[in-house]
Amino acid sequence: MRNLLFLSLLFFSVQARSQQFNIAKPWTYWWWMGSAVSEKGITRQLEQFAKAGIGGVHIIPIYGVKGYEKQFTPFLGKQWIHYFEHTTKEARRLGLGVDMTTGTGWPFGGANVSGDIAAKKWKLTGNKMETVLTGQAVKRAAPGGEGLSLDPFSSKAIPKYVGRFDTAFSTTTARPRAMYSDSYEVYGANWTDEFPAEFKKRRGYDLTDFLKEFTDSTQNERSRLIKMDYHQTIADLVLENFAEKWVNWSKKNHFITRYQAHGSPGNLLDLYSVADVPETESFGSSRFKIPFLRIDEDYEIERFGIPNPLAMKFASSAANLSGKNLVSSETCTWLANHFKVSLSQVKPQIDELFTAGINHVFFHGITYTAPEETFPGWLFYASTNFGPYSHFWKQMPELTRYIKNCQEILQSSKTDNDLLVYFPINDLWATSTKPLGSVYQLDIHSINGWILQQNFGKTCGSLLRKGFSLDYISDLQIEHLRLGKKGTLETKGQMYKAILIPKCTFLPQKTLESLLKLSKEGAKIVFEGALPEKFTGFDSFESRKNLFAEEITQLASNVTVSNNPLEILSSWGLSQEVWVEKGLKFIRKKKGTQTVYFITNLSNEFNEGWIDLSFSPENPEKYSPLTQKSEGLPSQKSNGKTRIYLKLLPGESCFIRSSSHKRPPETIIAGTTALDLSNDWNVTFLEGMPSIKYSKNIHDLSSWVGFADSTDYFWGTVRYAKTFNLPEKLQKVSKLTLDLGNVKESALVKINGKVIGTAWCLPFQLEIPLNLLKPSNNLLEVEVSNLSANHMRLVDKVAPQWKKFYDINIVDIKYKPFDASKWQPMPSGLLGPVTIK
């Protein structure tokens, strides 16, 4: 009882520690190159971050900058701890949080990793399995962090590895909010010294007695069962000896944990669940069909894949089932090539993360740059630059404010998913065609193989497209399910109405027994297509066949088997938002007794119309996290549901929720183009690089590239200006919207000298305050800022020495040496059409 009380107090102290910082604001990865930092530089950047609306930093020491060797600071040394203390002190002053990696670069490893705890693999010599080192070193290591990668399967590895951190932190009271573990990238490791004994203890037989079957390539039944046992043992060890030991050490030291489990050779749902903050990864750019959204065609989809909610939901599902409030994301990694990312590309990716259950965004990221350095500063080789030298830094407060407005609601509410979908990992292990000695790693870049092409992925994709709200569940998590009084399936953090088992071949005996028990108690369980035919585990498999057949027969009489499980779920009354078929994406949340929807339009199928909500908000209102404005929604009752009239253009997002007071709903009037302002503008170059004195009158809106040789290399701000008269029919309307059409890449808009806002995301529209307009001679000024890509074409021609980093230095999105000098100039400016609606 005393231990239980201690753990409860520890849990609440960890949660309270997380709440000390503004977690609603987005945080950022903060790379310390060579840890060549200074107190002045740290303070300067933290102040810049706070002013831009960033809520916290995640320190990751990495390789250094050439010419700064004398400033390199060995990781965890006395001077490094001094800089860390200064960081936490200044962050506290500014209201920022600080996280850090339990190491440098990735994966875990370094100078204190001796051969006994370094990553290992097995080698077959004759009829004997021998243990050898993989030889993998820490990737992108910082000074003082170099060394071998840690053995993720050894019980001795984490306790010995973290001793270095215990020693370093024993000399200081400074503490990070969270410790962090990056995505699993331990390559070739498939063994540990303890493996034979652990395998025999867990699986009931000696693996070395069945080496012929283990190394067999014909996929016979005995071979498959043994290989599945091998993978299950690997999964057990990475969970117990790596994830749980690291989390327990962190909690002992009052750190919370952020954990990227993906890439691991285990069940991601179990691994994510042990962390305080499961973290997914959004790598690359999706191909959203939003008008005017620019896609970087250099990005190699075949190599890296694109962000997919089906992968993101492993982290959020684990959080929901284990009662964790926060789910984070490494956000916008390699969204486009360096110097080519716009905020209009960033927002849709973040909106998609929100719909997948993420509510704690981490930008990937910002590199510490010495104060004396000039543009482009120091850059990490694989990231979107969200830092002070970015071309969109002036507009960053717009993005961070939007994220904060969203995350305040998403963090203070509970996900309302009512369906569990079983993740049949044993089918992956059984059908693996990987070379002998390879372990099955669930990598974020190869989801086509382990999600999209599997029955599991196809079924989940279909469910989401039909408007069902779901979480995934593992074998281990099914064992801990309990049936509530009203027939609900309950976990630590959530209640569900049903479980769906996608079509699969293998089902572990314990999972079968848990499902059988739940079904007899009255749980709603549907199997897609057919019941599983085979069990897992080689030990005594002949004698267990009859038991499996008997229990499957019992299960069959208590569950539903259907080729159309979606129809069954609908008949059971599971919530279904049919309007997602219009191209909308959503997440449904509960805040107390109230239902809240976050909806985003990431397609080009919907503009406005009636939609039927599964839950009925009182006095429904639409809240825009972009403008922070709320408005009543036209609504009506239809078949017991609330029907609302929603206007949401491609690229827009909103919350639908109940209002505490009844608002008069906005009148349903179709927007019409009332005034075309696309012709006759004056274009004047303002500030930028190179400095240009240039002005030109144009009849048709166009990119400023090509105006003159120098404008092809210009990065900065250009003013498009014109005067217009307001037609009489528009002088008495209640609302006017300025639509800028296509903007490359953001625009500060003034009318008659007053700023009405910044258009930084799609659609590029702003509401016009009616009191600013006159019947005639209105001055419209649109100050457009472009990407720095065109200027980098010049920089790489005349001053390429900015590329001075160790290790991989700086590469392009295809991982080739970076060279912008041969790029074609990118369109820049106000392209229109410009209209008032």
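The model is a predicted one, in which local features need pLDDT of at least 70 and side-chain atom pairs count only at pLDDT 80 or more, while totals for chains, interfaces and linings use all residues. Residues are numbered from 1 along each chain as its sequence is written, and side-chain values use heavy atoms, with hydrogens and water left out.

The structure holds 37 salt bridges, a salt bridge being a side-chain nitrogen of Lys or Arg within 4 Å of a carboxyl oxygen of Asp or Glu. One of them joins the side chains of R177 and D99, at 2.7 Å from N to O. This pair links distant parts of the chain, since R177 sits in the loop between helix 5 (163-169) and strand 8 (178-181), whereas D99 belongs to strand 3 (residues 97-101), 78 residues apart. Here helices (H or I, at least four residues) and strands (E, at least two) are DSSP runs, numbered from the N terminus. Both R177 and D99 are buried, where buried means under 20% relative accessible area, exposed over 50%, and partly exposed in between (1.4 Å probe, protein chains only).

A second salt bridge is formed by R202 and D236, whose closest N and O atoms are 3.7 Å apart. Because R202 lies in helix 6 (residues 195-203) and D236 in helix 8 (residues 221-252), the pair ties together parts that are 34 residues apart in sequence. R202 is partly exposed, with a relative accessible area of 22%, but D236 is buried at 14%. Both residues also belong to a network of salt bridges that links E198, K201, R202, R203, D236 and E240.
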